[in-house]
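Please have the sequence and the model open while reading.

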Amino acid sequence: MSHVVKKRKLDKTRQDRLYFDSYTDVTIHEEMIADHVRTNTYRMAILNNSESIRGKVVLDVGAGTGVLSMFCVQAGARKVYAVEACSIAEQAANIVKQNNMEDKIEVIRGTVETVDLPEKVEVIVSEWMGYALLHESMLNSVLYARDKWLKPGGIILPHKAELYIAPVSDPVVEDRLHFWYTVKDQYGVDMSCMSDFARGCIMNSDITVNSVHGEDVLSHPARFAELDLHTVTVEELRSVKGKFNFESFGSAAVNAFCVFFTVTFPCPDKPQPLVLSTSPFKPETHWKQAVLYLDAPVDVVQDTVVTGEISMFPSEESARHICIHVDYTIGEQKRQSKTFSIPDWSSGAQS
């Protein structure tokens, strides 16, 4: 979709300020703490790694309210440096004091790129993931902390992230498009010509963060990328991409792809690692799924093949925002391409 007015590229200082300011309100912290899948998985992962944490020094990158830091103390950490760039750090310090952990947790206000820790750490913990994993994520900061502060042989929680894509049929979109054909029966005015306009508005180039139901997923999801947090580089994050190949479960209309992620925590004493999943087949999290609407739905039948490539890269306007480009072929249709981005509601904000 073309725009007459070119967006102004935000300088990095303003990008960071807008990002950190979004974490000063209670709402986002309430949403994250209330996300039981997220918070309890981190709690169990930290407690399951108590042998690696007990008596050790921990760095919590982007500590927020400090809940992960406190889980680390519960797991036996000797010292935790809770680094937080926004003003919620003041509340974190209050929470630490309320829980009588001020002798173990030091809350440091600042970015991990600018703070100076008094010692190296054996453990890094961070809840760094954004929508579609990488949108407004703190992964770059975690990698900076890894390279500067983590001792050789140290652990990172979580230590791996994986990205998946699947074709979906969103019934809500079809209902909204069909709505314009029902107006005449209700009010005697034919508005069916609005359907094409509605399609352009709804099935646009935005990355839509929404809940996808498992029954609306039309094939087995395909993993297209894996990030090992011990080895991945910032340069590699400039283009995260992969291929996909699906076979449709049955007859339906593909009108979107959905992208979701998992992160994995090592569990030395367990037969399986602990996985935090944002899959449509798993309990919902506040990340939901990233939905990429096609320009028009495409009918498929059982075993129709859907192939393509997907790439994720930083937006030109703001390095913290991601774009997703998908090249795809559905059945016998010709190859299609579309690039998506998350709307930047802050672009019109005053400096």
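The sections below go from the whole chain to a single residue.

## Basis

This is a predicted model, in which local features need pLDDT of at least 70, side-chain atom pairs count only at pLDDT 80 or more, and totals for chains, interfaces and linings use all residues. Residues are numbered from 1 along each chain as its sequence is written, and side-chain values use heavy atoms, with hydrogens and water left out.

## Overall fold

The protein chain holds nine helices and 15 strands, taken as DSSP runs (helices H or I, at least four residues; strands E, at least two) and numbered from the N terminus. Its radius of gyration, 22 Å, is close to the 20 Å from the globule rule for 351 residues, so the chain is as compact as a globular protein of that length. The radius is taken over C-alpha atoms, and the rule is 2.2 Å times the number of residues to the power 0.38.

Of the 351 residues, 50% count as buried, meaning under 20% relative accessible area with a 1.4 Å probe, protein chains only.

## Nonpolar cores

A nonpolar core is a set of buried Ala, Val, Leu, Ile, Met, Phe, Trp, Tyr and Cys residues joined through side-chain atoms within 4.5 Å. The largest has 85 residues, of which Leu59, Trp128, Leu133, Phe244 and Phe257 touch the most other members. Apart from it lies another core of 15 residues, including Val168 and Cys258.

## Lys79

Lys79 lies in strand β2 (residues 79-84). Its relative accessibility is 17%, so Lys79 counts as buried. Beyond four places in sequence, its contacts (heavy atoms within 4.5 Å) include Asp103, Glu106 and Glu119.
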